[in-house]
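Please read these comments alongside the coordinates.

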Amino acid sequence: MLLCDHYLSSDRYNPIVEAYLRETGFYHVSYIGVVQCQSAMINALIERWRPEIHTFHFSIGECAVSLENVAMILGLPTNGVPVTGPTMSSFEAMEAECLHQFGVAPRNRDCRGSFIKLMWSRGLKDRTVLTDDIQIQRYVKCHIMLLFGTILFGDKSGAAVH
């Protein structure tokens with residue numbers, strides 16, 4: 001069992017949007033947070049990881065992490081149609097998509113290549129006033145985007161989301 005030194009809360013959300021997060025399937029992920037774990041345990045797992053076959057090698061055998069394991073840990077549904085789409089390769093395409101999804105577009109300084117800085121997303125989420133259904137949906141999209149950039153697909157910098 002992985003023991004943790006302490007728990008740091010993730011980006012919190014306004015309780016008004018809880019039903020929307022439940023509906024999207026991201027409610028549980030919102031409570032995972034960022035966990036600072038014992039470095040000795042992480043180092044032991046890293047030493048046993050075999051990237052060529054995507055498994056951990058232990059003295060009792062091999063252990064693979066499956067999509068089912070990840071879905072169980074994160075509480076995300078894996079049934080239904082997959083969500084896919086094009087990668088935003090240009091700032092103009094990303095700007096247009098953000099304008100469509102959030103009602104506001106990031107500036108060049110809010111981006112790093114095809115990544116949006118998490119500070120922009122946090123600022124937008126914090127400034128969103130939950131007065132109507134459209135604003136609530138935009139807030140939930142911001143929150144989910146922050147979950148993608150931190151918990152689900154965070155990179156080493158922890159500063160941007162693709």
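The points below go from the whole chain to single residues.

1. Basis. This is a predicted model, in which local features need pLDDT of at least 70 and side-chain atom pairs count only at pLDDT 80 or more, while totals for chains, interfaces and linings use all residues. Residues are numbered from 1 along each chain as its sequence is written, and side-chain values use heavy atoms, with hydrogens and water left out.

2. Overall content. The protein has 7 helices and 8 strands; these are DSSP runs numbered from the N terminus, helices being H or I of at least four residues and strands E of at least two. Of its 162 residues, 27% are buried (buried is under 20% relative accessible area, exposed over 50%, partly exposed in between, with a 1.4 Å probe and protein chains only).

3. Surface and contacts. About 10900 Å² of the protein is accessible surface, and carbon and sulfur atoms supply 59% of that (Shrake-Rupley method, 1.4 Å probe; for residues, only the protein chains shown count as cover). Among contacts with a separation of 6 or more, 59% join residues 24 or more positions apart; contact means heavy atoms within 4.5 Å.

4. Helix 7. This helix covers residues 133–152, and its buried residues include Ile136, Tyr139, Val140, His143, Leu147 and Leu152. At its start, a side-chain oxygen of Asp132 comes to within 3.3 Å of the backbone nitrogen of Ile134.

5. Cysteines. The number of disulfides in the structure is 0, a disulfide being a pair of cysteine sulfur atoms within 2.5 Å. Cys142 is in no disulfide, and the nearest cysteine sulfur, that of Cys98, is 8.7 Å away. Cys142 is among the buried residues of helix 7 and counts as buried because its relative accessibility is 0%. Cys63 has a relative accessible area of 35%, so Cys63 is partly exposed.

6. Thr55. Strand 4 (residues 55–58) contains Thr55, which counts as buried because its relative accessibility is 9%. What does Thr55 contact, leaving aside its neighbours within four places in sequence? The residues are Arg48, Trp49, Arg50, Glu62, Cys63 and Ala64.

7. His54. In the loop between strand 3 (49–50) and strand 4 lies His54. The relative accessible area of His54 is 55%, so His54 is exposed. Its phi is near 55°, a positive value in a residue other than glycine. Most residues other than glycine have a negative phi.

Notes. A polar contact is a pair of N or O atoms within 3.5 Å; within protein, one must be able to donate a hydrogen and the other to accept it, and residues adjacent in sequence count only if both atoms are side-chain atoms.
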